[in-house]
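Please keep the sequence and the coordinates at hand while reading.

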Amino acid sequence: MTEENLSEILDSYKSGKVSKSEIMNQLKNISLSSVENLGFASIDHARELRQGFPEVVYAAGKTKEQLRTIFKSLYERSNGNLIATRADFEKYQFLLDAVPAAKFDEISKMIYVDRKQIERRADKKILILSAGTSDMPVAEEARLTAYLWGNTVETAYDCGVAGIHRLFAHMKEIEAANVIIVVAGMEGALASVVGGLTDKPVIAVPTSIGYGAAFNGIAALLAMLNSCAAGVSVVNIDNGFGAGVLASKINKLGG
């Protein structure tokens with residue numbers, strides 16, 4: 001069920017083409033059929049209507065057969081863009097015959113379908129900053145997610161605090177952004193620095209990049225949670241997808 005489908009039903013009732021009882025039956029059927037039980041998965045087909053984007057699939061841990069079945073169902077019963085995160089090329093190739101429109105991004109490890117015509121506002125940009133090149137897979141997950149959710153997205157990579165002049169070279173982009181995502185591993189200091197340079201909301205994403213005492217992202221996570229810069233929020237370690245969705249929702253507030 002999409003917003004377009006619901007609009008068609010309401011227009012039919014308004015024009016007198018269908019009765020109130022028929023409309024009630026249609027709405028009941030929509031409610032009952034919004035969750036598709038596949039045995040190994042229950043697909044929420046009403047999510048696009050509620051949130052503006054179809055259910056997103058976490059591909060890791062799923063078999064290629066399960067992923068293909070879920071992705072095919074979402075493709076056939078929704079109108080929006082689609083995303084499967086933490087995928088691999090083998091799973092992508094396996095589902096192509098079922099969803100030929102699907103594409104694979106090697107860096108972010110995302111399978112996606114970009115089929116919805118969206119007017120992306122140039123005056124409401126999401127800026128993604130990464131501390132190092134090694135943080136790019138997580139940063140690219142955030143970028144592609146935010147783009148598919150209908151945003152104009154800019155990036156500036158490898159501008160961490162070890163060479164802070166590299167960050168200052170992007171001050172124009174920082175000032176022009178409406179929301180900023182900061183992706184950093186090691187000690188995670190970049191989020192605090194950026195938070196002190198802007199009045200825009202900053203979403204910090206700790207990554208699992210770093211040597212032993214980085215504890216697979218725990219050090220960066222704790223540093224970001226303890227940031228003294230006001231207006232910095234933190235998502236889970238390596239959760240570029242979550243940062244992209246949150247940035248999109250913030251970006252669309254106020255029209």
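The model is a predicted one, in which local features need pLDDT of at least 70 and side-chain atom pairs count only at pLDDT 80 or more, while totals for chains, interfaces and linings use all residues. Residues are numbered from 1 along each chain as its sequence is written, and side-chain values use heavy atoms, with hydrogens and water left out.

Which residue forms an aromatic pair with Trp149? The structure holds four aromatic pairs, and in one of them Phe53 and Trp149 are stacked, with 4.6 Å centre to centre and 5° between the planes. Rings of Phe, Tyr and Trp (its six-membered ring) pair if their centres lie within 6.5 Å; planes under 30 degrees apart count as stacked, over 60 as edge-to-face and the rest as tilted. Phe53 belongs to the loop between α3 (47-51) and β3 (57-58), and Trp149 to the loop between α6 (136-148) and β8 (152-156), so the pair ties together parts that are 96 residues apart in sequence. Helices (H or I, at least four residues) and strands (E, at least two) are DSSP runs, numbered from the N terminus. Phe53 is also buried, at 3% relative accessible area. Elsewhere, ring pairs link Phe89, Tyr92 and Phe104 into a cluster.

The sheet comes next. Four strands form an open sheet with mixed pairing, in the order β3-β4-β6-β5; two strands pair if DSSP finds at least two bridges between them. Because β3 and β5 (103-105) stand at the edges with a single partner strand each, one side of each is left without a neighbour in the sheet. Helix α4 (residues 64-76) packs on this sheet and touches β3, β4 and β6, where contact means heavy atoms within 4.5 Å. The direction of α4 makes about 160° with that of β4; axes are lines fitted to C-alpha atoms, for helices over the stretch in contact, and angles run from 0 to 180 degrees between N-to-C directions. Strands β4 (residues 82-85) and β6 (residues 110-113) pair in the antiparallel sense over three bridges, and Ile83 stands opposite Tyr112 in β6.

The loop between β5 and β6 contains Lys109, which has a positive phi of about 60° although it is not a glycine. Most residues other than glycine have a negative phi. Lys109 is partly exposed, at 32% relative accessibility. Phe215 likewise has a positive phi, near 50°, and is found in the loop between β10 (202-206) and α10 (218-225). With 54% relative accessibility, Phe215 counts as exposed.

Val138, Glu141, Ala142, Thr145 and Ala146 in α6 meet Gly240, Phe241, Gly244 and Val245 in α11.

The loop between β7 (125-130) and α6 holds Gly132, which is buried at 15% relative accessibility. Gly132 and Asp158 are 26 residues apart in sequence, yet their C-alpha atoms are 4.0 Å apart in space.

Notes:
Buried < 20%, exposed > 50% of the residue type's maximum accessible area, 1.4 Å probe, protein only.
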